[in-house]
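The following exercises concern a predicted model. Please work through each task with the sequence and the structure at hand before reading the solution.

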Amino acid sequence: MKKYILPLLLAACTAQGQVSGTLPKPSARQLAWQQLETTAFLHFTVNTYTDKEWGEGDESPSIFNPTKLDAMQWAKALKAGGFKIAIITAKHHDGFCLWPSKYTEHSIKNSPYKNGKGDIVKELSEACKAVGIKFGVYLSPWDRHEKSYGTDAYNTYYKNQLRELLTNYGEIAEVWFDGAKGENAKNMEYDFQGYWKMVRELQPKAVMFSDAGPDVRWVGNEKGNAGETCWSTINNAGQAPGKADEHYLNTGDEKGPDWIPAETDVSIRPGWFWHEKENAKVRTPQNLVNLYYQSVGRNSLLLLNIPPNRDGLLETTDVNAIQKFRAILNETFAHNLVSPKHKLLIDKKLSTSKVLDVNQSLILQLDGEKEFDRIAIQENIAEGQRIKSFLVEFWDGKTWQKLAESTTVGHKRLLRFPTVKSTQVRLTIKDALAKVYLAEFGVYKASAQE
Ligand code: FUL
């Protein structure tokens, strides 16, 4: 047996990339996911009616009655807000299912909603398809209702429900495995490997989120803050769902052998579920724009939660906020002021890039003398994430002046600074893991409404 061990080890190291000298790279599904940039969460369950954030599991299905529910209203609002996936809490910690699962009575089928004939997972999946956005599901492993929780039979229960979600609702773009669990919850060994295998088999295009992957990791907080330095790589060996090292996940690890980019989940309201008392605490469009800079602008994705109310509708305040958020972003990033002669860097194609070495500088001519206060830089992450630190300067007519100095770039780095006027800017790669594939470079003047 022994003689097989070394070749096996070597093969494993090469597959991980670091030992062979090549860098970890995204899978096709991760690459496509990263480019979506903004995705949405819909937290909805019995909590909406009990005013809780974590249900107990003993709520009666009779309290769940969203009489005006309109999944098209949700889907249209999310589309208008520029969100590319809608992820619904098909089952939160209370165990109540928003679809009529065959495996429990604790579901919508025993609620007054459509006299027990409703299926919100179906309604939303169809609405998403109709408006042209993707669809995802959150299925809480922690279940405070299901009696088998704490035994291995629960793993079978969970997989039965997962299979229902993966087979009856068309294409699923993302599956969310939340690691959260109350301190007094029963001990439970989740069969994550089994769950993940099922997703790969039944929905090969779906990315899977948990604290630590396999495809997407948690950003380490629920405040909407990706690390100032944010690597898409980590060493997954030390991480597990529910046992996350929050700081490590926030910044990633430049030496990490596993490509598992960060997703920044945050709510438009203080809570994840709708509460009447929070109606006046909805984030403003400007606050949401700031979240975009702190997540997408730091090589992460923004997963913004917009919770339906007791009627089953998104509130007008929330809908208006996300629409305005998108309008501001569209205005800010409408005109790239870089001269058309740098065409590879302004063609919005990540696959056409300019290769730069460490210490190499690149001067970017603007399309005349321009006022600007935002810069967007993108690496072609299909080749891995490489930039460790960089400097951006502008020409003041006599000399180069520092505009910003920063660390990682990855899919996107957004820089904000007070307005300057100039004809050219200069990018210097100060440190990198390997040659840099610079895909895009944008110079902008922010919308006055930011
Ligand atoms: C947490 C949960 O406990 C919250 O209720 C919410 O679902 C959030 C997105 O994840 O871990």
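**Exercise 1. Determine whether β16 is enclosed or open, and identify the strands that pair with it.**

Solution. 

Step 1. Count the buried residues, taking buried to mean under 20% relative accessible area. Eight of the nine residues of β16 fall in this class, so the strand is largely enclosed by the rest of the structure.

Step 2. Examine the pairing with β11 (residues 354-356). β11 and β16 run antiparallel and are joined by three bridges. Within this pairing, lysine 354 is found opposite leucine 438 of β16.

Step 3. Examine the pairing with β12. Here six bridges connect β12 and β16, again in the antiparallel sense. Isoleucine 377 stands opposite phenylalanine 441 in β16.

**Exercise 2. Describe the largest pocket by its volume, its lining and the elements that contribute to it.**

Solution. 

Step 1. The volume of the largest pocket is about 620 Å³. Its lining comprises 25 residues, and those closest to the centre are Glu37, Lys348, Gln378, Lys412 and Tyr444.

Step 2. Sort the lining by class. Eleven residues are nonpolar, eight are polar and six are charged.

Step 3. At least two lining residues come from each of α10 (316-332), β12 (361-379) and β16 (436-444). The greatest contribution is that of β16, which supplies four residues.

Step 4. Assign residues to domains. Domain 1 (21-332) and domain 2 (340-444) each provide at least three residues of this pocket's lining.

**Exercise 3. State how many cavities of 30 Å³ or more the structure holds, and characterise the largest cavity.**

Solution. 

Step 1. There is one cavity of 30 Å³ or more. The largest cavity has a volume of about 40 Å³.

Step 2. Eleven residues line the largest cavity, and Leu23, Pro24, Thr233, Gln385 and Leu433 lie nearest its centre.

Step 3. By class, this lining consists of five nonpolar residues, five polar residues and one charged residue.

Step 4. Both domain 1 (21-332) and domain 2 (340-444) contribute at least three residues to the lining of the largest cavity.

**Exercise 4. Is aspartate 58 buried or exposed, and where does it lie?**

Solution. 

Step 1. Locate the residue. Aspartate 58 belongs to the loop between α3 (47-50) and α4 (71-80).

Step 2. Apply the cut-off for exposed residues, which is over 50% relative accessible area. Aspartate 58 counts as exposed because its relative accessibility is 63%.

Step 3. Compare sequence with space. Aspartate 58 and glycine 95 are separated by 37 residues in sequence, and their C-alpha atoms are 9.1 Å apart.

How values were computed
Residues are numbered from 1 along each chain as its sequence is written. This is a predicted model: local features need pLDDT of at least 70, side-chain atom pairs count only at pLDDT 80 or more; totals for chains, interfaces and linings use all residues. Side-chain values use heavy atoms; hydrogens and water are left out. Buried means under 20% relative accessible area, exposed over 50%, partly exposed in between (1.4 Å probe, protein chains only). On a 1 Å grid over the protein atoms alone, a cavity is a set of points where a 1.4 Å probe fits but cannot get out, and a pocket is an open set with protein on both sides within 12 Å along at least five of seven lines; lining residues have an atom within 4 Å of a point. Grid points are joined across faces, edges and corners, and a volume is the space filled by probe spheres set on the points. Ala, Val, Leu, Ile, Met, Phe, Trp, Tyr, Cys and Pro count as nonpolar, Asp, Glu, Lys and Arg as charged, and the others, Gly among them, as polar. Domain bounds come from an automatic or database domain assignment. Two strands pair if DSSP finds at least two bridges between them.
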